[in-house]
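Please keep the sequence and the structure in view while reading.

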Amino acid sequence: MTSSVGITSDTVLFVGGDTPGGRAFYALAMDHGRGSDSPGQRISFVSAGDVPVPPQGCWVPCFGTDDHVAAGSRALDLGARPAGTVPVDGLDQPVYAAPDGALFGLTDVPGSRPHSQRLGDVAFVDLYTPLAEEAAAYYAQTLSCHLIDEPAPSPGNYRLLVSADRPVAGVVDMLDVLPSAVPPHWIPFLRVLDLEAEVARLSDLGARVRVPATDSAMGPFAVLVDPFGVAFGLQTPVSDDLLRKYAAIRR
C-alpha cells in the first residue's frame, strides 16, 4: 500500500525495567545522555505506567505520522488493542499491542524529519516475531507503507517496510534465529563506526553478545543484550545507504 502521508520511525522508548540503570548504560555506551536535541532518532526512558512489559523493560518504537489519530484508528480496526499509556515529554502517550503482541506507539511529526547519520543515533528498528508474514502485512496496512515482501538475502527471513522510498522498519522471522518461547520484540540498531571495537567496548561495560559482528546484504551488524537483559543492535553507516538503495530498487 502506498502512503499519502509521511511515516517515519521517530522516538524509540525504553519502557519500564531498571530505568535509571538503563539510562546510565546507554548514556555511557552510546552518548544518549545528550537529550532530545538530536536531529535523528533518540531514545527516551519512561516508566511503564499501566503498560504490561517484562520486568527488565522493552523497546517500544513510535512511528511518526502527520495524522496519528487516523493511524491509531486504523491500527485498532486492523486488530491491535490499546495497551495503556506511558509518560513522554509530559504527555500520556498511547501504546498499542499489535496482533502478534509486540508494542508500538504513534506520534505526530510535523513536516519531514531531517535525515541524520550521526553516530550514536538509532539507525533502524527491527521487529523479531514468530508471525513475520502476518506482522509485516499488519504494519504495512496500519502505517500505509509499502511492503517489500521478498525476503532479503540476510540472516533470518527479512521483510522491509518502506515509505516514500525511505526504510521505516524491518520484520524478521524470529523462528529462523531464536527459540519459539521468546516473545515478539523490537530491537533498535545504534549507529557506530567501528563495529567490532564497539562490541568489545560494550562487552566490557556489561553487555552480552547475542550475534557477533556479522556481514549481511544490509551491511554489517551485531546484536547484544544489555546488563539488564534487553536486546539491542549495532550497525554502521554502511547499512543506511544499503537499506535506502535496496528500498529504492525493490520499490
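## The model and the chain

This is a predicted model, in which local features need pLDDT of at least 70 and side-chain atom pairs count only at pLDDT 80 or more, while totals for chains, interfaces and linings use all residues. Residues are numbered from 1 along each chain as its sequence is written, and side-chain values use heavy atoms, with hydrogens and water left out.

The secondary structure of the protein chain consists of five helices and 14 strands. Both kinds of element are DSSP runs numbered from the N terminus: helices are H or I with at least four residues, and strands are E with at least two. Of the 251 residues of the chain, 53% are buried. Here, buried means under 20% relative accessible area, exposed means over 50%, and partly exposed lies in between, with a 1.4 Å probe and protein chains only. Among contacts (heavy atoms within 4.5 Å) between residues at least 6 apart in sequence, 71% join residues at least 24 apart.

## The largest pocket

The largest pocket holds about 450 Å³ of space. A pocket is an open set of points on a 1 Å grid over the protein atoms alone, where a 1.4 Å probe fits, with protein on both sides within 12 Å along at least five of seven lines; lining residues have an atom within 4 Å of a point. The volume is the space filled by probe spheres set on the points, which are joined across faces, edges and corners. Of the 25 lining residues, Pro-54, Cys-58, Pro-183, Pro-184 and His-185 are the closest to the centre of the pocket. Strands β3 (58-65), β4 (81-88) and β11 (185-191) each give two or more residues to the lining.

Seven of the eight residues of strand β10 (residues 166-173) are buried.

## Helix α4

Which residues of helix α4 (residues 195-204) are buried? They are Leu-195, Glu-198, Val-199 and Leu-202. Seen down the helix axis, these buried residues fall within an arc of 105°, so they line one face of α4; the arc is that of the directions from the axis to the C-beta atoms. An α-helix has 3.6 residues a turn, so residues three or four places apart point the same way.

The buried residues of α4 pack against α1 (19-30), β12 (208-214), β13 (221-225) and β14 (231-235). On the other side of the helix, Glu-196 and Asp-204 are exposed. Gly-206, which follows α4, has a positive phi near 110°.

## Two loop residues

Ser-144 lies in the loop between α3 (132-142) and β8 (146-152). Ser-144 is not a glycine, yet its phi is positive, at about 55°. With a relative accessible area of 12%, Ser-144 is buried.

Thr-236 lies in the loop between β14 and α5 (237-250) and is buried, with a relative accessible area of 7%. Not counting residues up to four places away in sequence, Thr-236 touches Arg-191, Val-192, Leu-193, Leu-195 and Pro-220.
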